[in-house]
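The sequence and the structure are shown here.

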Amino acid sequence: VSPPQRLLQPLAVPERLLLGPGPSNVPPRILAAGSRQLLGHMHPEVLQVMDEIKMGIQYAFQTQNQLTLAISGTGHCAMEAALLNLLEHGDTALMAVNGIWGQRAADIARRLGAHVHELLKPPGEYFTLWDIKEGLARHKPSVLFITHGESSTGVLQPLEGLGELCHWHGCLLLVDAVASLGGAPIFMDQQEIDVLYSGSQKVLNAPPGSAPISFSERAREKMLRRKTKPSSFYLDMGWLANYWGCDGEPRRYHHTAPINSFFSLREGLAMLAELGLESSWERHRANCAQLCQGLRDLGLELFVKEEKARLPTITTVRVPEGYDWKEITDFLMDNHAIEIAGGLGPSVGKVLRIGLMGCNSTSGNVDRVLRALRDALECCCRSRL
């Protein structure tokens, strides 16, 4: 086999403004952190960085859980880690499905041998406490999965009262906050969330590849009562808890961690801490409101009807009648070097998704994407005449 000619050429990566559902652009400070020279994954300096990451996650999640760490993998990996550590073969799980992430969680739980029930809502809608109460009473699950920020539809799920309701029914609450962390209020301890996870590549503006996760004492006790070992050694929370210094025991080697990804995640969490959660939430809210008004001014229809249910980080708008969503996204990429996305899962072909996350959430970027969309709508319309 001859050397591939493409590999004999310099790496070429274009400059683009990433205003899709993630990943986000990485700011220079985080890029610089990720380009630091490697250290060994058991060096004390790396263990110190891991401790700082843990403190940053506790702040971002608003939790004091000791079992808090970052999975060496993306948000999908954290979803799988949460489910395979909580569920054993024959357990009953209830999945709140109003978009692709509930569907994915149900798929993973079935592969683990759980009895899976789905609580369904149409894309663009959220679950009420009554919906959840009815599902818990009917199915009696040991785990309820729900998505806080459903990036496929742009829905922000209210969480108040869910933890208390789950615990009254003897159930653990598992929440996906990949698309919402840092962009919308979440209080893990106060809201009695048992397992919460997110990803590095959205509001935290770090490259994909590490995923914050935290387990309550209730969740930890359920894992300790397991009759069988988790089906994955790599994602076994007992091993990971030790590697991250969460069990009070001397740390042991488990896997070679993505050191530079941890450097980047550390800086992303540091930038969130410096800005402050309240300021970050307000910035995302204000820029989302500006974007929504601008989209209405262009004659576009927002997909999520209720303002309180709109995810501040990812806004969904219906594809206007007579337009091809891919023609619009391609136009923005080719003519403005801006990425926005079409739908995903149940929203494919129905919506355009515009992401304003972390450092990308600015008033200037709102103006820029609105100008590009206006241009796209005019040009795509003329091309049909």
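In this predicted model, F187 has a relative accessibility of 24% and therefore counts as partly exposed, whereas W281, at 11%, falls under the 20% limit and so counts as buried. These two residues form an aromatic pair of the edge-to-face kind, with 5.5 Å from centre to centre and 75 degrees between the planes; the structure holds 3 aromatic pairs. Because F187 sits in the loop between β8 (172-176) and β9 (195-197) while W281 belongs to helix α10, the pair ties together parts that are 94 residues apart in sequence.

The two partners are set side by side below.

| Residue | Relative accessibility | Class |
|---|---|---|
| F187 | 24% | partly exposed |
| W281 | 11% | buried |

The largest pocket has a volume of about 470 Å³, and of the 22 residues that line it, L156, E307, K308, R310 and P312 are the closest to its centre. By residue type, the lining divides into 12 nonpolar, 4 polar and 6 charged residues. Domain 1 (28-273) and domain 2 (276-379) both contribute to this lining, so the largest pocket lies between them.

As for the record, an unreviewed UniProt entry carries the annotation "domain: Aminotransferase class V" for residues 30-369. Over residues 30-369 the chain is 40% helix and 16% strand, with the end C-alpha atoms 24 Å apart.

How values were computed
Residues numbered from 1 in each chain as written. Predicted model: local features only at pLDDT ≥ 70, side-chain atom pairs only at ≥ 80, totals over all residues. Heavy atoms only, no water. 1 Å grid on protein atoms, 1.4 Å probe; cavity = no way out; pocket = protein on both sides within 12 Å on 5 of 7 lines; lining within 4 Å. Points joined across faces, edges and corners; volume = space filled by probe spheres on them. Nonpolar A, V, L, I, M, F, W, Y, C, P; charged D, E, K, R; others polar. Domains from an automatic or database assignment. UniProt positions renumbered as here; feature names shortened; annotations may be inferred. Helix = DSSP H or I, 4+ residues; strand = E, 2+ residues; numbered from the N terminus. Phe/Tyr/Trp six-rings, centres within 6.5 Å; stacked < 30°, edge-to-face > 60°. Buried < 20%, exposed > 50% of the residue type's maximum accessible area, 1.4 Å probe, protein only.
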